[in-house]
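Reader: I'd like to learn how to read a few features of a protein model, step by step. Could you take me through one?

Author: Gladly; have a look at it here, and then ask away.

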Amino acid sequence: MASSSSSLAILCIAALLLSSAVNAQLSRTFHDSTCPNLSSIVREGMSNAISRDRRMAASILRMFFHDCFVNGCDGSVLLDDTSSFTGEKGAPPNQNSLRGFEVIDDIKSRVEAACPNTVSCADILALAARKGVELVGGPTWDVQLGRRDSRTASQSAVTANIPSPFSNLQTLTSSFANKGFSANDMVALSGAHTIGFAQCRNFRSRIYNDTNIDPAFATERRANCPATGGDSNLAPLDNQTPGQFDNSYYRQLVNRRGLLHSDQDLFNGGSTDARVQLYSNNEGAFRTDFSNAMIRMGNLSPLTGTAGEIRRNCRFVN
């Protein structure tokens, strides 16, 4: 056990050192002179998208997470398949699940019209994720800019790096530690599930088989998620305020009403119970810790300098 804890600590320290080096290359003001209207373009694009579909805030936030956790925040998740590589959109965690690519396409086209060949798709996705959270009542944070776009993608890396909704606490902790996140960071980032929905296929085993679940909640969810069939039927990750970014998600966990097995395992008699309890009672602490963790998320292994490219179309390499 001591050896395992030491290994996780070393991984976190190494990742933090790498993040510091990356942070020196990225800058909040990177595009201020070359694309001064960037922020307003992203804000308008996300505002329009969320006014049409409030779920889009969660969809873009999830897309950003799935981009950064797979070979860094390099826009690879946005690439379509080509003859030379199979993209990430078709990987099991993403297929028929990630959504909102057309929103990023629209923002990118507007940015290209204003500032051609200047802003990467990776930077646009990072800004869009933040703006979406803001627009549904969440906190803001400084987005470091200057990322460049990858010229390839890896479907296999998605399955290897994206945590499963069926994961237990140990697996989740290890997965996040591999990216330099502490257990507290992991609990804070999991609060993204205060908005958004999940498909029946991802919580069926939870509502039919798990014992650490409020019986009334299980019955309620079974009404829209039968034991067989209805795999794509949706349910809110936060049953109380699914369209509002707040700390209700943690209160649901305390009440054994987490929708996903991986969510409820954060509050199941383990090492993260106290942090979940803290956030359930102190929304300010959650918002602060979430914002800080999102900054570190955005610093995961970006391409900078002359690496990669600035894509003209987020779906294809130049």
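Reader: Is Asn 117 buried, partly exposed or exposed?

Author: A residue is called buried under 20% relative accessible area and exposed over 50%, with partly exposed in between. Asn 117 has a relative accessible area of 48%, so it is partly exposed. Keep in mind that this is a predicted model. As for its place, Asn 117 lies in the loop between α4 and α5 (121-135).

Reader: Which loop holds Asn 71, and what is its phi?

Author: Asn 71 sits in the loop between α3 and α4 (101-114). Its phi is positive as well, about 60°, although Asn 71 is not a glycine. With a relative accessibility of 47%, Asn 71 counts as partly exposed.

Reader: Let's turn to the whole chain. How many helices and strands are there?

Author: The chain has 14 helices and two strands. The C-alpha trace spans about 55 × 45 × 40 Å along its principal axes.

Reader: Where is the largest nonpolar core built from, and which residues have the most contacts inside it?

Author: The idea is to look for buried nonpolar residues joined through their side chains. Here the largest such core has 71 residues, and those with the most contacts inside it are Ile 60, Phe 64, Ile 104, Leu 266, Phe 290 and Met 297. Helix α3 (residues 56-68) gives the largest share of this core, nine residues. Another core, of twelve residues, lies apart from it, and Ala 198, Ile 207, Cys 225 and Leu 259 are among its members.

Reader: What does Phe 64 touch?

Author: Leaving out residues up to four places away in sequence, Phe 64 touches Cys 73, Leu 125, Ala 126, Ala 129, Met 294, Met 297 and Gly 298.

Reader: And the surface: how are the charges of the side chains placed?

Author: There are 30 positive and 29 negative side chains, and the centres of the two sets lie 1 Å apart. The accessible surface of the chain is about 13300 Å², and carbon and sulfur atoms make up 50% of it.

Reader: Where are Gly 305 and Thr 306, and are they buried or exposed?

Author: Gly 305 is in the segment after α14 (283-298), and Thr 306 has its place in the segment after α14 too. Gly 305 counts as exposed at 54% relative accessibility, and Thr 306 counts as exposed at 77%. For Thr 306 and Arg 148, 158 residues apart, the C-alpha separation is 8.2 Å.

Notes:
Residues numbered from 1 in each chain as written. Predicted model: local features only at pLDDT ≥ 70, side-chain atom pairs only at ≥ 80, totals over all residues. Heavy atoms only, no water. Core = buried A, V, L, I, M, F, W, Y, C linked by side-chain atoms within 4.5 Å. Buried < 20%, exposed > 50% of the residue type's maximum accessible area, 1.4 Å probe, protein only. Helix = DSSP H or I, 4+ residues; strand = E, 2+ residues; numbered from the N terminus. Contact = heavy atoms within 4.5 Å. Areas by Shrake-Rupley, 256 points an atom, 1.4 Å probe, with all protein chains shown as cover. Lys, Arg positive; Asp, Glu negative; His and termini not counted. Charge placed at Lys NZ, Arg CZ, Asp CG, Glu CD.
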